[in-house]
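Please read them with the structure open beside you.

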Amino acid sequence: LTSLDINATGASTGSGKISILGNIGADGTSGAGIVNIGNSNTGSITLGTSGTESEYFTTGAQTYDASLYYLNGTDPDFNASSENIKFLDGVNGFNLAAAADLTVDTGSGADGDINISGNIIGVAGQTTTVTLEAGSGSVEIDGIIVNGSAGIGNVTIDGSGGVTIDGNITTNGGNIDINDATTFAGSTALTTGGGSVDFASTINPASAGRDLDISSGSGAVSIGGTIGGTLGFGSIDINNASGTGTITLNDIGDTDTVGATNTSNIGNDTTITLTLAGTTYKTDAVTYTTKAGENIDLTGGADTTFTTSSDDITFGTGTIEMANGSDLVIDTATGGGAINLPAGVMGTSSENITLTAGAGNVAIGAVGTGTEIADVSITTTGNTTFSGNFTGGSLTNTGPAIVSDNITLGTTGAIN
């Protein structure tokens, strides 16, 4: 067929339900050119038959328009090489059959866009995978990916033209893998129940102040690009309530942008490791937490700077370990922002520590062993509380010093 149109020329064509129980084309073989099915008044579109593999291969764009979708076939696969695939309206949901994996593919190297409006809903207790592959095109999801009892497995999204998500994603232990720059249209929660969460590129809100909440349980969380570098999130919470999964983050914010403008909590006291691989962490009040031990790793290889505008910065339970050249710099500006490092700081090859708290208090545990630490500078008009041994080069502190326990100061430089 050159084209396939069913009730597609406007609302005047009717609101009747549309059912296509067979396939359009087959795997690798086109069944039509341009496909337009339904309109803004269409009640529902049903595609496929239970127990039968569902395939929708075309050489032209595919546009479906209905308030409700039923995908009844096994593993529905929509493919339009280099052309757009759109599911419009979807206000009453986008329903998948039990154990039916969804694939929407406009070509791994092509520029066809994918748009899915409405909630993608799996069957309770299932692990239905969702794969959206747009190549150099964009992907937009205007709804949640979830079931009340989490019937979704792995979710994989590719689209170098940009990924936009307007809704939460909840999986039944499946991974969330998004491989391109992502924008969140609203405040978003990603919940996996043990699956990993992996963003290969930058993540930003569509408008400043949207919250981001990631809960992965034992699954690893990795964000490879800058968080909130274009517009800042509100709060950023990652496994803050529970979950042992490792966390790896690049920068939060950049030179011009505060990456999180409300209080954020990253990790908890069972988080195995928190790797901070960037060099810029610009936030409001923030707490970074892992289990006890040298489990907060700075690996940027250059000065790693944490800044707030007179808000507290806390590294809880876990000890900071600076990799080669990853000098620690914390600056809470001139107000009352406190710096809390109760489990202390360790280094690798004579790294420096610079803490600037304005009128805020500073609390720091054990610092260094051997030759791990070079010079430590603490600038504050508030109190500085030392609760662990110090082994390093010079130690400079401008504020009143409080020693909360018996400690040893071992320096190769001056103490001021």
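1. In this predicted model, nine strands make up an open sheet with parallel pairing, in the order 1-3-6-9-12-15-18-21-24. The edges are taken by strand 1 (3-6) and strand 24 (203-205); each has a single partner strand, so one side of each is left without a neighbour in the sheet. On average, neighbouring strands here are turned by 10° against each other, direction ignored.

2. To locate the pairing by residue, take T182, whose bridge partner in strand 24 is I203.

3. The largest nonpolar core contains 86 residues. Y64, F78, L276, Y288, F306 and F315 are the residues with the most contacts inside this core.

4. Which residues does Y64 touch, not counting those up to four places away in sequence? They are V35, I37, I45, L47, Y56, Y69, F78, K86, F87 and L88. Y64 is also a member of an aromatic cluster, together with Y56, Y69, F78, F87 and F94.

5. Aromatic pairs number 13 in a search of the whole structure. One of them joins Y64 and F78 edge-to-face, at 5.8 Å centre to centre and with 80° between the planes. Y64 belongs to strand 6 (residues 62-66) and F78 to strand 8 (residues 74-80), so this pair ties together parts that are 14 residues apart in sequence. Both Y64 and F78 are buried.

6. F306 and F315 also form a pair: the ring centres are 5.2 Å apart and the planes stand at 90°, so the arrangement is edge-to-face. F306 is buried, as is F315.

7. T106 sits in the loop between strand 11 (102-105) and strand 12 (114-117). Is this residue buried or exposed? T106 counts as buried because its relative accessibility is 0%, and the cut-off for buried is under 20%. The T106 side chain reaches the backbone oxygen of G112 at 2.7 Å. Leaving aside neighbours within four places in sequence, the contacts of T106 include A80, S81, S82, E83 and I85, as well as E133 and A134.

8. G368 is another loop residue to check, placed between strand 39 (362-364) and strand 40 (373-380). With a relative accessibility of 6%, G368 counts as buried. Beyond residues up to four places away in sequence, G368 touches V345, M346, I373 and T391. The C-alpha atoms of G368 and S404 are separated by 18 Å, and the two residues are 36 residues apart along the chain.

9. Two backbone angles deserve a look. D89 has a positive phi of about 70° although it is not a glycine; D89 is part of strand 9 (residues 85-89). S350, also not a glycine, has a positive phi of about 65°, and lies in the loop between strand 37 (345-346) and strand 38 (351-358).

10. How do D89 and S350 stand in terms of accessibility, and what are the values? D89 is partly exposed, at 32% relative accessibility. S350 is partly exposed too, with a relative accessible area of 37%.

Notes: Residues are numbered from 1 along each chain as its sequence is written. Side-chain values use heavy atoms; hydrogens and water are left out. Helices (H or I, at least four residues) and strands (E, at least two) are DSSP runs, numbered from the N terminus. Buried means under 20% relative accessible area, exposed over 50%, partly exposed in between (1.4 Å probe, protein chains only). A nonpolar core is a set of buried Ala, Val, Leu, Ile, Met, Phe, Trp, Tyr and Cys residues joined through side-chain atoms within 4.5 Å. Contact means heavy atoms within 4.5 Å. A polar contact is a pair of N or O atoms within 3.5 Å; within protein, one must be able to donate a hydrogen and the other to accept it, and residues adjacent in sequence count only if both atoms are side-chain atoms. Rings of Phe, Tyr and Trp (its six-membered ring) pair if their centres lie within 6.5 Å; planes under 30 degrees apart count as stacked, over 60 as edge-to-face and the rest as tilted. Two strands pair if DSSP finds at least two bridges between them. Axes are lines fitted to C-alpha atoms, for helices over the stretch in contact, and angles run from 0 to 180 degrees between N-to-C directions.
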